[in-house]
Amino acid sequence: MTKVLDSTPAKEELDMALDDPDLPTQGVFPNEEELKDCITVTVRQPRSDLDFSILLPDGWYQQPAPIDKIDFSKESEFVPLALFSAAKEMLPPILFTVGVRPAPKKGNVAEWLERQCYLQQLALERIKLNKFPFGWAAEAVALQASEFGKLKLRITMFEDGNRLFALIGMAPLDVWDVWVVPLGLCVNTFELLEPKGQSAPLAPKYEDPKPEGE
């Protein structure tokens, strides 16, 4: 149990503090006393342009990332860069993961996010655009069936240097309200150490229809 969670307010107070109950960018940062117990983790990769840092709540664990061979011809496959869990044994599944794959050549981030939810058989609830230290991202709230019951996911997807990153926080639906703040801290403090810059469109561009006769 993290100290961030020890000081988690009642749900009614939490809803007032967060700018979004599922995809918060405000209200997730610890106070000065709690910040002393958080850990800034730098995760190194075989390629330095994939190195990143993140602020973890007290008591979280960095787990070994899966090492399965990745086949990018399958749209749903991402290289796992990191896996963090709220408990050492990873049960219940309260997790934050980081993955990457080449960005598609056509479309935009919001469309790619919606496509990934379909491929992963997730029940997509909504998509929103948010700005983070690493830049703009499309975010989704989704549900997933599991042997532990329904899981709720916050999926944050962004493009950098023609690479598509996916940051995923998940927790059982029945305790999501308790864990939304620690998971929000993870995504809101994620930063690439060598960003290449965002170039892909974030979402479709809509134009007002022209009046008839023009």
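A: Happy to! Two strands pair if DSSP finds at least two bridges between them, and strands (E, at least two residues) and helices (H or I, at least four) are DSSP runs numbered from the N terminus. This is a predicted model, in which local features need pLDDT of at least 70, side-chain atom pairs count only at pLDDT 80 or more, and totals for chains, interfaces and linings use all residues. Residues are numbered from 1 along each chain as its sequence is written, and side-chain values use heavy atoms, leaving out hydrogens and water.

Q: What makes E8 and E9 a pair?
A: E8 and E9 share 10 antiparallel bridges, and at least two are required, so they count as paired. Leu153, for instance, has Met170 in E9 as its bridge partner.

Q: Why are E3 and E6 called edge strands?
A: The open antiparallel sheet has 7 strands, ordered E3-E4-E5-E9-E8-E7-E6. Strand E3 (61-63) and strand E6 (123-132) each pair on one side only, so by the pairing rule they are its edges.

Q: What makes H4 a helix that packs on the sheet?
A: Contact means heavy atoms within 4.5 Å, and H4 touches E6, strand E7 (135-144), E8 and E9.

Q: How do you know which residues line the largest pocket?
A: A pocket is an open set of points on a 1 Å grid over the protein atoms alone, where a 1.4 Å probe fits, with protein on both sides within 12 Å along at least five of seven lines; lining residues have an atom within 4 Å of a point. Here 26 residues line the largest pocket, with Phe78, Pro80, Thr97, Gln120 and Ile168 nearest its centre.

Definitions and conventions
Axes fitted to C-alpha atoms, helices over the stretch in contact; angles between N-to-C directions.
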